[in-house]
Amino acid sequence: MRDLDALFEALARSTFRSKFHLQGKDLVYLHAKGLPTVIVHAGDFIAKRLAPAELKNDGKQTPFRGHPVFVAQHATACCCRGCLEKWHRIPKGRALTPDEEAYVLKVLERWLHNEMNKPA
């Protein structure tokens, strides 16, 4: 797992990762539900779609839209086990530990908080 400041600096340098931003319905949803509720949703998504050791559709399990967390996952490279390994140094082939799940949630929360408080 990486230091969050270093991670976010690296993500900002990635042309692909830095193009993701919340807009439209996703931003409205985040403001309406609030960050704590959306983070609860994120925990559920992570537990079901990212934490298991083996995922039959790894690399394709996270939609690009439909919920603010999905956008955040792509923006922060928390979208699949391959990206978790490459960007966050969390190996594939085994279930995420509780500490790793908590780390992923912290990454997503930081990105969502930044998007929520970004000037219009």
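Where is the place of Gln73? Gln73 sits in helix H4. This is a predicted model, in which local features need pLDDT of at least 70, side-chain atom pairs count only at pLDDT 80 or more, and totals for chains, interfaces and linings use all residues. Residues are numbered from 1 along each chain as its sequence is written, and side-chain values use heavy atoms, with hydrogens and water left out. The protein has 6 helices and 0 strands. The structure holds 0 disulfides.

**Overall fold**

- The order along the sequence is α-α-α-α-α-α. Helices (H or I, at least four residues) and strands (E, at least two) are DSSP runs, numbered from the N terminus.
- Along the principal axes, the C-alpha atoms fill a box of roughly 40 × 30 × 25 Å.
- Contact means heavy atoms within 4.5 Å. Of the contacts between residues at least 6 apart in sequence, 68% join residues at least 24 apart.

**Surface and charge**

- Buried residues make up 46% of the 120. Buried means under 20% relative accessible area, exposed over 50%, and partly exposed in between (1.4 Å probe, protein chains only).
- The protein exposes about 6700 Å², and carbon and sulfur atoms supply 55% of this area. Areas come from the Shrake-Rupley method with a 1.4 Å probe; for residues, only the protein chains shown count as cover.
- There are 19 positive and 13 negative side chains, with the centres of the two sets 7 Å apart. Lys and Arg count as positive, Asp and Glu as negative; His and the chain ends are not counted. Each charge is placed at NZ of Lys, CZ of Arg, CG of Asp or CD of Glu.

**Gln73 and its contacts**

- Gln73 counts as buried, at 1% relative accessibility.
- Leaving out residues up to four places away in sequence, Gln73 touches Ile46, Leu50, Thr62, Cys78, Cys79 and Leu108.

**Cysteines**

- A disulfide is a covalent bond between the sulfur atoms of two cysteines. The cut-off here is a pair of cysteine sulfur atoms within 2.5 Å.
- Cys78 has its closest cysteine sulfur in Cys79, at 7.6 Å, which is too far for a bond. Cys78 is buried, at 0% relative accessibility.
- For Cys83, the closest cysteine sulfur is in Cys80, at 3.7 Å, again too far for a bond. Cys83 is buried, with 13% relative accessible area.

**Positive phi**

- Most residues other than glycine have a negative phi.
- Ala77 is not a glycine, yet has a positive phi of about 60°. Ala77 lies in the loop between helix H4 (68-75) and helix H5 (81-88). Its relative accessible area is 0%, so Ala77 is buried.
- Arg89, also not a glycine, has a positive phi near 65°. Arg89 belongs to the loop between H5 and H6. Its relative accessible area is 56%, so Arg89 is exposed.

- Tyr103 is part of helix H6 (residues 98-116). Tyr103 counts as buried, at 8% relative accessibility.
- Beyond neighbours within four places in sequence, Tyr103 contacts Met1, Arg2, Leu4, Leu7, His88 and Ile90.
- Asp3 is 100 residues from Tyr103 in sequence, and their C-alpha atoms are 10.0 Å apart in space.
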